[in-house]
Amino acid sequence: MSKTEFVRKYGFLYVIGLLSFIGFNYYVFVFLTVKGRMGITFKSVLLLIIFHISFILFVVTYLVTACSDPGPVPPELGEPSAALPGRKFCDRCKVYKPERSHHCSLCNRCVLNMDHHCPWVRNCIGFRNKKFFILMLFYVDLTLFIGFCGSIYEVYRILADLFNKSTLTFSDFVIFVSFCSTIGVLVLIGDFLYFHIKLIRVNLTTLENLNLKRGINSPDYDLGESNNWSQVCGRFSWIWFCPFFTEDYKPTTDGLSWPRRAPISSHNPMETRPIVVPNHA
């Protein structure tokens, strides 16, 4: 069984595993670590408030990422008039795919500016939900970091008691296991978030990055870091950190056409490359 077939048939197991991990570590941190060992104090209440703000933002961004449309290819692109240079015809969707669009075999549809299919949310990551995906990674890592910082002293006390030959209770053991798993996932998601931030900074998708590693060149969409971010999150404002767009703060492209840098001429590799805007939409 291929990975694609496994994800298509048993993709729900990823979600079950994720929810189990979240539920387990949430219970351990809130009820065993904070309430059980710290007690109800000003510091513990403040810690829980900060933790839950981050946790709620993670849950919301997860749901928005999982439930939002990653970016549909307009049906009118199935017309013969849509057969413009740079567009390939999708035999399954019967449309001419805009540049940077791909067909997802798991979702059985074409997606604008497709980045990848994420089994953890059972949805594609594309033009319309890439910002929400990045926010989801950010807030889950922030939540794990808060939990890590809030637990580290209690774990130290548990280990100190253990070295002093004190009895290790079952709840102490569970706290230690949760703490270790938190560190592992914190590092993994942090590295994954850093990878996607690097891609956004140079205006690449995961699929385009894989093609480059395979030696398949693609147009240069890098317009500078600020412009690259605005194509994903819109103009910079506090709305960047919210799981929604507004009319004034939305991606600066429509997902159908993408400005790009002109190739560097071989006789003058130091020349400034002008921005080329495709004449089709």
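Analyst: Happy to; we will take the cysteines, then the cavities. This is a predicted model, in which local features need pLDDT of at least 70, side-chain atom pairs count only at pLDDT 80 or more, and totals for chains, interfaces and linings use all residues. Residues are numbered from 1 along each chain as its sequence is written, and side-chain values use heavy atoms, with hydrogens and water left out.

User: How many disulfides does the structure hold?

Analyst: A disulfide is a pair of cysteine sulfur atoms within 2.5 Å. Here there are zero disulfides. Take Cys 67: its closest cysteine sulfur, in Cys 107, is 13 Å away, too far for a bond. Cys 118 is in no disulfide either, with the nearest cysteine sulfur, that of Cys 124, 9.6 Å away.

User: Are Cys 67 and Cys 118 buried or exposed?

Analyst: Buried means under 20% relative accessible area, exposed over 50%, and partly exposed in between (1.4 Å probe, protein chains only). Cys 67 counts as exposed because its relative accessibility is 65%, whereas Cys 118, at 4%, counts as buried.

User: Now the cavities. How many does a search of the whole structure find at 30 Å³ or more?

Analyst: Rolling a probe the size of a water molecule over the atoms shows where empty space is left. A cavity is a set of points, on a 1 Å grid over the protein atoms alone, where a 1.4 Å probe fits but cannot get out; lining residues have an atom within 4 Å of a point. Grid points are joined across faces, edges and corners, and a volume is the space filled by probe spheres set on the points. The search finds two cavities of that size.

User: Which residues lie nearest the centre of the largest cavity?

Analyst: Asn 25, Tyr 26, Phe 51, Leu 144 and Thr 182 do, out of 20 lining residues. The volume of this largest cavity is about 250 Å³. Helix α2 gives the largest share of its lining, seven residues; helices are DSSP runs (H or I, at least four residues), numbered from the N terminus. The lining divides into 13 nonpolar, seven polar and no charged residues.

User: And what lines the second largest cavity?

Analyst: That cavity holds about 60 Å³ of space, and its lining includes Arg 100, Lys 130 and Trp 258. Helix α7 (residues 225-233) gives the most, three residues. Asn 227 is found in α7 and is partly exposed, at 38% relative accessible area.

Definitions and conventions: On a 1 Å grid over the protein atoms alone, a cavity is a set of points where a 1.4 Å probe fits but cannot get out, and a pocket is an open set with protein on both sides within 12 Å along at least five of seven lines; lining residues have an atom within 4 Å of a point. Helices (H or I, at least four residues) and strands (E, at least two) are DSSP runs, numbered from the N terminus. Ala, Val, Leu, Ile, Met, Phe, Trp, Tyr, Cys and Pro count as nonpolar, Asp, Glu, Lys and Arg as charged, and the others, Gly among them, as polar.
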